[in-house]
Amino acid sequence: MIPFAVASLVLLGSGVMAVRTRDLVHAVLWLGLALVATAGIYVTMDAGFMAAIQVLLYTGGIVTLMLFAVMLARPDAEAAPNGQLRAALAVAAVFAGVVSVVLRSPDATTGAHIETQVLGAVILNQLALPFEVLSALLLVAMIGAIVLARKKDA
Amino acid sequence: MIPWLSIIVLSPLVAATVLLFVPAASRAVTRIVSLAASLVSLAGSLAVAYAYNIAEGGYQLRETHVLIGALGIRYDVAVDGWGVALLLLTGITLFAGVFATWTLEDRDKDFYILLLTLVAGVFGVFVSLDLFVLFLFYEIAVLPMYLLIGIWGSTKKVEASGPFAFLYRKMDVGGREYAAMKLTLMLLIGSAFILVGILAMRQEAGTFDMLALGNAHFSRSMQMWAFPALWLGFGTLAGVFPFHTWSPDGHAAAPTAVSMLHAGVLMKLGAFGVMRIGMVLLPEGAQAWAVVVGGVAVINIVYGALGAMSQKDLKYVVAYSSVSHMGVVMLGAATLTVNGWNGAIFQMVAHGLMTGLFFALVGLIYNRAHDREIFRMGGFASVMPGVAVFFTIAGLSSLGMPGLAGFVAEFLVFLGAWEAGQWVWALAGIVGAWVTAIYVLRAVRAIFWGEGPPERYHHLSDAKGPEWVALITLGACLIAFGSCPRLVLDYIDVATNTYLPMVLK
Amino acid sequence: MSAALLLALPIAMFALLAVCWPLRHTGRFAGMLSAAVAVACFGIAVALFASGRSELYEYPWLVRSGHVIASVGWRLDPTSASMLIVVTAVAACVQIYSLGYLSHEPPKDLGRYFAWQSLFIFAMVGLVVAPNLLQLVGCWELVGLCSYLLIGYWWRKPSAGKAAVKAVWVTRFADIGLMTGIVVLYGATGGFAWDHVLAPQVATAVAALLFVGVMGKSAQMPLHVWLPDAMEGPTPVSALLHAATMVAAGVYLVVRAWPIFHAAPDVLVVMSWVGGVTAFTAACIALVQTDIKKVLAYSTCSQLGYMIAGLGSGEMLGGYLHLTTHAFFKALLFLAAGSVIHATGTNDIREMGGLWRKAPWTAGLFGAGTLALAGIPGFAGFFSKDLLLEELFEAGRYGPLVLCLAGAGLTAFYMTRVMCLVFSGEQKERVHHAHESPFVMLAPMLFLSVPAVAAGWFAGPFAERLGLEYHFSVTPVGGIATIFALGGVGLGVARYGIGQLTWLAWPAAATFLASAPVDRLWAAAWRQGLLPFARAAGWFDRYVVDGLINLSGWVALEGGERLRLLQTGKVRDYVYAAVVGVVLLAAWGAMQ
Amino acid sequence: MTLHAVLIVAALMFCIGLFGVLTRRSLVSVVLSVELMANAANINLVAFSRFGNHPWGQAMALFAIALTVAEVVVGLALVILIARTHGSTDADVPSALKG
């Protein structure tokens, strides 16, 4: 219970910081922290493999990508956020809606450990087709990103 | 056993695919491929007519392949007596159409690709037993029209007038893009209605199979709204008043072969759909709405004929006459009698050949004279006697001259109308034939008769080489079917005798 | 030998000429071939009549549920056999005559002419031997087509085009009745036979509707307007189609469908009145015509009126007999008139005169025809007209009878007028260069003059063949008719031959009649009725029906113009839209 | 620790990310905020997997990670392209989609 609470607090706190920090590089670093905290939550939920993936691939990959983007795009100093009140109201409405749905659904307290072998078997048997499609998607995304980002005269 | 039906349906598609790989510059190859496809289709149609056993009746030459098992959608083709007649019509018209546009020069490869695709759709509709696939073919047949008219069409300015004059100033009424868009939009709105009707039937019967749907019992309330949906949906393509206005603009703007196929064959898809799907599958709805269908058909006949009389543009005259003659088809359908139905299907064939011939000739005249205003012509018979002869044959068929196909069809419909107890229908049809005589002969006289043509027309030539093939094919069929109607009537009759009891049970 | 040959030979000839254009373009040779076929047909017809055999062949032409609803074929019986002789005889004469009359035509046109002539023989024979009303009506339309094509033979002439089209318009208008009639007949009997016993109302309806068609084809008032215009065609065509055979098709229809008409006495009364009025008024109009062919055309109208009136008496023989005799003498008259035109180069009788010296044969033949038409005792027209008037008298149709009697006098008068103006008196400019026609034209006329003079003598055997009785007897009505005829001839000679009695003229009436009042009525109905109505329909379609369609299109376009403003292009706005969607979904979930 | 607790934490995370999308001006920040939202969704997937005792949840989470990476790659490439063509990464500047 306590590890979960700690991880949640870190997650939410770093999330708020990531959203609020004006300096983009700092914001990306806060995002990295949030992603690591998510991995912590995975650990508390007995999903060690997911946590490992989260830290190794996701956090590393995303943060690196974002930092590259920040440097390549060289954005100007970001303008002050606008419409904060309106956004806050909308977000509150969404939260209320989601929570109301959550609370009306049945709760669960006990969980089971998912073996990594089982996960692997599922992915490579039942979900083999989506898996392959996904690989194609990644390839397409890569080519697309190269095409989009490369300089026209290059 | 040779799968003739698949050959008929697929040969235009195969040819269209082959054409994709033919260089645009090799015009001869383009024509040979298109001609080969049309020949294969025509030969297939003749083979089907030969293979079809009239004594046995029903659906024959069936081929079935599952397409989407989960939804029960199958490629399921077979042919009945009506189908034989209409396949023949389509095969003949396509054959003539390829010849009639032999001299086309502008982007001819693209033109033939679209034309062949369209024809594949038409063939598909006539032989499909699966409503979903039928609808698919229907759309394949309708959609290429947009490009065919939009790219190769011709334009005619329409003056602004009437209560909506401001619209006519804003819109490019009569322009080919306008005509293409109007035709496509109206027909697609119609197909939305068709889709609703088809889905309603599937909802109640749980199948797309027309044979199974024929035995299904649909609730009366559903039939009462689904039939008019199908009637208006298919009827839009058949030119049912007041949704006929795409026809004059569309046919006037379309290039020759497209007008031939569209007025000659595609409009029949609409009438065929109303009868085979609307009436046969929804008998209670058909009986309840028959009076309305017939009444509107009467309006079509008389109003279309009057409209044709008022036109000065040759293509508009022919287009309005199509509206009038398709009224005869719908009138025959509405009678719900054997004679009326036989006449309706026969009229589809007769009108298809006749209007195909008309549009081929109009295109030929327009190609040479670059003018379509009837009353600016005159004396053309001295420079193009062959065209004059065939124009007269087409005109005589349209005014119901015995010995030509139009007479048999119209006469059967009149008999059916009388048997249905609707003497007004019969009389209106007969009066319509008289009005047709007025405008057709007036046009013949204005165009071909009279002292030699104006100076600027002296160089005009008669039909040439391939164009003769188109004219002779269509003209000979008009005479053959008119003097020996049983060449096709026997096929039609056997199907009518299957379907009519289903409606009247 | 069978009646099938009579159908097969001409249609084969037509097909040959239509398809084989090198043959057609020979012109004269094609004509000789066609004429040979026509002569052969005449021979066959005579042989068939002489053999007295009956034939019936029916091919199931239209089916319904596997049952025959209409057949085509031929029925050879005394009625059709006798009519066949008339048709083929006149046709053969006309074709031979045409070889001479049209010898100066371009070969291509001549070939076309003979192709249509062959088609006409086929259609007319098909009409005569029709085993049922459907084939009769079908061939009826085909002869109408031939009429259209042959009137328009000189299609470069605008007036010929107009006349051809007008003929079809008017006869097709009448055919509305005819078609409706056979549709009603089918509705009542399930077939097209004319010998079914019909309920009185049905018979009346069918007969009345058929009679409307007859009025058009046989040029009865007020649907006669096309016939005078049809004279635009070559004169042999007028002789064959518009005098002897095609226009008589209407009368023949009544004769064939006699059981139906006989069962409809009300229609018969109307028929006799229509016929009587036509007989009289057309004769009046003929009085003032100056075109020799127009005189004969109105005379044809008038004589057709006699036939219709005669049939209206309820007896068939008089009308039918007059049909046959009229066919011969009117064909003769037309051919002779053609010979006159050929000789003088004009149609106008005021430019002629004294022609008998230049063309004695023509004058004699025309005279024979005139005497037959006028009903001078001994000539063919006398017997048939006499019988017909007698029948009217017996049936108590006194009104039509009086009209017909008066018409008989007028007929004699106007024919004498033509005779005198053309052949007697001093020679005018045009006549100086006139010449007698060649033998190829005279021979057919000589041949026709035989029945024109003598056909009446064989009325007895003719009636016997039809199963009817005929005995010539001198009666008061016949006497009056003869006096009228002789009086007409006498007055005509006095007025136009000798130049006396100049007061005998009707200036006001003539002006009125010459202006063709019925024509003008129809023209007004067309110009001020149908055409503006059609234009209104066209306008309505273009600007109201289509306007509404365009309006819906415009509404969609304008709506799109407004709705597209919703697209701001800002990512944030789209996210807000998604937020709204999420909240709505949650609310919907909460309500479940 | 219950399912509801995890779901609510994830919902909060999602809302934080949403707030960022709605308020941040820089496109990079918007992409960053979207990441937070996707992450919240992943937490849910893993939670369902655990409490529902089914391996598909985790498998879906793995797929979602891969998808998110693809999305970020393309998204950032677009950001760079926009920065190059418009000279700005401000989310309010591009207006090519305006009706």
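How many residues does helix H16 of chain B have, and how far does the helix reach from its first C-alpha to its last?

## Helix H16 of chain B

In this predicted model, helix H16 of chain B covers residues 385-398 and has 14 residues. The helix reaches 20 Å from its first C-alpha to its last, close to the 20 Å expected at 1.5 Å a residue. After H16(B) comes B:Gly400, which has a positive phi, near 80°.

## Burial and surroundings

H16(B) is largely enclosed by the rest of the structure, because 11 of its 14 residues are buried. Among the buried residues are B:Phe390, B:Phe391, B:Ile393 and B:Leu396, and also B:Gly395, B:Ser397 and B:Ser398.

The cover over the buried residues of H16(B) includes helices H14 (314-335), H15 (338-369), H17 (405-419), H18 (423-448) and H19 (465-483) of chain B. Chain C also takes part in this cover, through helix H6 (133-151).

Strands S1 (residues 60-68) and S2 (residues 73-79) of chain B run antiparallel and are joined by 6 bridges.

## Contacts between chains

There are 4 pairs of chains in contact, of which chains A and D share the most contacts. Chain A and chain B are not joined by any contact, and their closest C-alpha atoms lie 20 Å apart. Chain B and chain D likewise do not touch; the nearest C-alpha atoms of chain B and chain D are 22 Å apart.

Notes:
Residues numbered from 1 in each chain as written. Chains lettered and ligands numbered in written order. Predicted model: local features only at pLDDT ≥ 70, side-chain atom pairs only at ≥ 80, totals over all residues. Contact = placed C-beta atoms within 7 Å. Helix = DSSP H or I, 4+ residues; strand = E, 2+ residues; numbered from the N terminus. Expected span 1.5 Å × (residues − 1). Buried ≥ 20, exposed ≤ 12 C-beta atoms within 10 Å, placed from the backbone. Pairing = 2+ DSSP bridges.
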